[in-house]
Amino acid sequence: MTSENLKKISMFEKAGYASGDLACNLIYTTVSTYLLFFYTDVFGLSAAAASTMFLVVRIIDALADPFIGTIVDRTNSKFGRFRPYLLFGAFPFAILAILCFTTPDFSDMGKLIYAYVTYVGLSLIYTTINVPYGALTSAMTRNNQEVVSITSIRMIFANLGGLIVAFFVPLLSTYLGNTSGNTVLGWQLTMGILGVIGACLLLFCFKSTKERVTLQKFEEKIKFSDIFEQFRLNRPLVVLCIFFIIIFGVNSISNSIGIYYITYNVGREDLVKWYGLLGSLPAFAILPFIPRINKWLGKKKLLNYALLLNIIGLLALLIVPPSNVFLVLFFRLIAAAGSITAGGYMWALIPETIEYGEYRTGKRLGGLIYAIIGFFFKFGMALGGIVPGLVLDKFGYVANQIQTPEALTGILMTATVVPIIFLILAMIDINFYNLDEEKYEKMVRELENRDKVYIDNIDEFKNKKIGRSS
């Protein structure tokens, strides 16, 4: 039991697991980065209507997370607890993504309703895949260094997905649109290609991974109200939830406003793909060394330094003249280095909160805790989705026109000042995280001992369960 739960994971399995995040990012990063622009400049929705829809959809999606997490934790199939959702959700995920970038010839109200239905559907199926996918890490091993290693490789693949999306989606959609003479068809075909690739990668992830920490105690009953017990007893989870809101809000704002900033402030629409590329590029230089940096600095210093680097890059973008393209791209790279480090490492802390929750409550709630995290990071993405649209509308943005100085100021403030404020709040929050390396190792030893006692006395527990049922 102990050696299996703490064993090292092969590089093939780590890469197989990471391919799941590559799949999700090929599809969902395209949505989070380009869907607002698609809705306003291609589909024909107003910025205010699209932004309101982003908020409403995120709220619906976030409210569904805990219910999906509860269902996941109750799952007991021949494929395991988490992996079946990768198998059965892959192609529905791809189909709904394609529908989001499809523009039927409806009235203005019909278009808005269609956008709501398809976006809600995509968000719900994404949650149904992503909650068990994330929780799968905690089922693969209890070895903290292996979790950090798995997460680092996962984030490399995730950023590879972001890089592909940032660079090739504008290139491919423009090429296919020009070739067919139909801009809408160009976007639809692009999403179709990414969707099929993503679905196949999810199937590979399912096939190549193994659940090891799968002990399901007979007396363990998972229910929705367990959420409130976790919030009461699991301080690391509460701190991490707040951190996720902030970081995903910042990332969502930066991703969605970047295309406006480069197109209108810098005046170089041809650089959109390069600006997006630089948002993902530092991942390949930084993330392979995260396990080593984690050993050297520890959790809090690593995250604080990363957030500070992000702030420095954004402050520079606020000051640098948009006409100086070299400096704009350079400081975009600096900000991205900090953002990627913090955003990549924070996922490695989630399995710790699962272990801590089991330590305090006796229940291992991988699906539910990932759903709780999902609720909060989607709330952050909702902020990231609505803030740019509302600011653009407030400052008088008009699609496909030369922008007024007021509109350009609104774009610049949204790209720099707003994220900086949130990042400062993130630095304050993470310093309340109270689970250090020594405490974590002690906790895992205790959990392993509990599991051993349970297995040694499993027949007695079964008999007690049967006795209570009768």
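This is a predicted model: local features need pLDDT of at least 70, side-chain atom pairs count only at pLDDT 80 or more; totals for chains, interfaces and linings use all residues.
A polar contact is a pair of N or O atoms within 3.5 Å; within protein, one must be able to donate a hydrogen and the other to accept it, and residues adjacent in sequence count only if both atoms are side-chain atoms. Numbering runs from 1 along each chain as its sequence is written, and side-chain values use heavy atoms, leaving out hydrogens and water.

**Fold and dimensions**
- The protein chain has 20 helices and zero strands (DSSP runs: helices are H or I, at least four residues; strands are E, at least two; numbered from the N terminus).
- The C-alpha trace of the protein chain spans about 75 × 45 × 40 Å along its principal axes.
- Among contacts (heavy atoms within 4.5 Å) between residues at least 6 apart in sequence, 85% join residues at least 24 apart.

**Burial**
- Of the 470 residues of the protein chain, 59% count as buried (under 20% relative accessible area, with a 1.4 Å probe and protein chains only).

**Around E358**
- E358 lies in helix α15, residues 350-361.
- E358 is buried, with a relative accessible area of 4%.
- The side chain of E358 also makes a polar contact of 2.8 Å with the side chain of R142.

How values were computed
Buried means under 20% relative accessible area, exposed over 50%, partly exposed in between (1.4 Å probe, protein chains only).
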